[in-house]
Amino acid sequence: MAPSIWRCGGFTFALERPLVMGILNVTPDSFSDGGKYEDPLVAIARGRQIVVQGASIIDVGGESTRPGADEVSIAEEIARARPVVGGLARELGVPVSIDTRHSQVAEACLGVGAAIINDVSGFRDPKMVEVAAGSDAGVVVMHMLGEPRTMQVAPHYDDVVAEVVAYLAGQAEMLERAGMERERIAIDPGIGFGKTLEQNVELLRRLDEIAALGYPVLVGGSRKSMIGMILGETDPGQRLEGSLAVAAWAVTHGADIVRVHDVIETARLLRVTSLLAQEGTS
Ligand code: HH2
């Protein structure tokens, strides 16, 4: 059955229409917005701006997980993310999410008001499970094959959708066994995380099989290389139309949340798709 709410700390989303999660990377090396928001004051100003533009969630990341990215120290990741999460959580009326694979970073950011843990490694680390279960935060469980440094080296699946579905179902059940309420859990197929173009396309085509698990579904295709490959476009800043196409496809095939760089454009797109999806509007 389709989920009706997603509970994230003190916030509860009624999943009546799709939500925009605005990306705010406070890193020097993210594939699209790296280096733009390293100054916490600039990052906080950008956070405010994307809420005005229509973001219902701000996702702050202090480590790039692009293919081949080098790892940063935990201390550095906390130093980058915590002031921005804290600043935004204090002043904004929307939940702030921390995009991290590291339990210490999640814990530090929950301490300053983060309402969501977005873990691209899908809560594989028992310490991350402990931190999440001991909080009231919402979580995003994402599928990634291996780890960012090597994930794009010849990824192989017999059936990518079946394997991603089984993984997400298993991790979500594990979180529930650890004491987390079901209504706090969202799932994400992890576009671009250990997947070829064909495998990403297959996941989007069969998104309904992921949605059938009954958790809110998040899709993050924004400006990713799958769009670059389809359009022959190497500059991530020139992938807007492709990103909008992926967002429109995702929300009409079961996604509840889209994670995007281009917030105002996506919010406007979703106003149209949401109206078209409503019954009895003609
Ligand atoms: N993609 C990225 C990072 N975090 N989280 C979720 N839940 N889903 C995603 O698809 C996802 C994510 C990668 O994109 P970005 O943050 O723009 O780049 P980088 O990892 O280089 O910082």
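This report walks through helix packing, nonpolar cores and a few individual residues in a predicted model.

## Ground rules

Because the model is predicted, local features need pLDDT of at least 70 and side-chain atom pairs count only at pLDDT 80 or more, while totals for chains, interfaces and linings use all residues. Residues are numbered from 1 along each chain as its sequence is written, and side-chain values use heavy atoms, with hydrogens and water left out.

Helices (H or I, at least four residues) and strands (E, at least two) are DSSP runs, numbered from the N terminus. Axes are lines fitted to C-alpha atoms, for helices over the stretch in contact, and angles run from 0 to 180 degrees between N-to-C directions.

## Helix α1 against helix α2

Let's start with helix α1 (residues 40-53) and helix α2 (residues 74-91), whose axes come within 9 Å and cross at roughly 40°. That angle makes α1 oblique to α2; angles under 35 degrees count as roughly parallel, over 145 as roughly antiparallel, 65 to 115 as roughly perpendicular and the rest as oblique.

On the α1 side, the contact (heavy atoms within 4.5 Å) involves Pro40, Ala43, Ile44, Gly47 and Arg48, which meet Pro83, Val84, Gly87, Leu88 and Glu91 in α2. Six of the residues in this contact of α1 with α2 are nonpolar, two are polar and two are charged. Here Ala, Val, Leu, Ile, Met, Phe, Trp, Tyr, Cys and Pro count as nonpolar, Asp, Glu, Lys and Arg as charged, and the others, Gly among them, as polar.

## A closer look at Ile44

Ile44 belongs to helix α1. With a relative accessible area of 11%, Ile44 is buried (buried means under 20% relative accessible area, exposed over 50%, partly exposed in between, with a 1.4 Å probe and protein chains only). Setting aside neighbours within four places in sequence, Ile44 is in contact with Pro83, Val84, Gly87, Leu88 and Glu91. Ile44 and Gly87 are 43 residues apart in sequence, yet their C-alpha atoms are 6.7 Å apart in space.

## Helix α3 and its partners

Next comes helix α3 (residues 103-111), which packs with α2 at an angle of about 25°, the axes being 9 Å apart. α2 is therefore roughly parallel to α3, and α2 passes α3 in a right-handed crossing. From α2, the contact is made by Ile74, Glu77, Ile78, Ala81, Arg82 and Val85, and from α3 by Gln104, Val105, Ala108 and Cys109. The residues of this contact of α2 with α3 comprise seven nonpolar, one polar and two charged.

α3 also packs with α4 (126-133). The angle between α3 and α4 is about 15° and their axes are 9 Å apart, so these helices are roughly parallel to each other. α3 passes α4 in a left-handed crossing. Ser103, Ala106, Glu107 and Leu110 of α3 make this contact with Lys127, Met128 and Val131 of α4. The residues of the contact of α3 with α4 divide into four nonpolar, one polar and two charged.

## The nonpolar cores

A nonpolar core is a set of buried Ala, Val, Leu, Ile, Met, Phe, Trp, Tyr and Cys residues joined through side-chain atoms within 4.5 Å. The largest has 65 residues, of which Val60, Leu88, Ile117, Phe123, Val139, Leu175 and Ile210 touch the most other members. Helix α5 (residues 160-177) gives the most to this core, with eight residues. There is also a second, separate core of 13 residues, including Leu19, Ala115, Ile116 and Ile257.

Apart from neighbours within four places in sequence, Ile117 has contacts that include Ile98, Ala106, Leu110, Phe123, Met128 and Val139.

Most residues other than glycine have a negative phi. Phe123, which is not a glycine, has a positive phi of about 60°. Phe123 lies in the loop between β6 (116-119) and α4 and is buried, with a relative accessible area of 1%. Ala154, also not a glycine, has a positive phi of about 45°. Ala154 sits in the loop between β7 and α5 and counts as exposed, at 66% relative accessibility.

Pro155 is found in the loop between β7 (138-142) and α5, where Pro155 counts as buried at 12% relative accessibility. Leaving out neighbours within four places in sequence, Pro155 is in contact with Leu145, Gly194, Lys195, Thr196 and Gln199. Pro155 and Lys195 are 40 residues apart in sequence and 5.8 Å apart in space, C-alpha to C-alpha.

How values were computed: Left-handed = near helix turned anticlockwise from the far one by under 90°.
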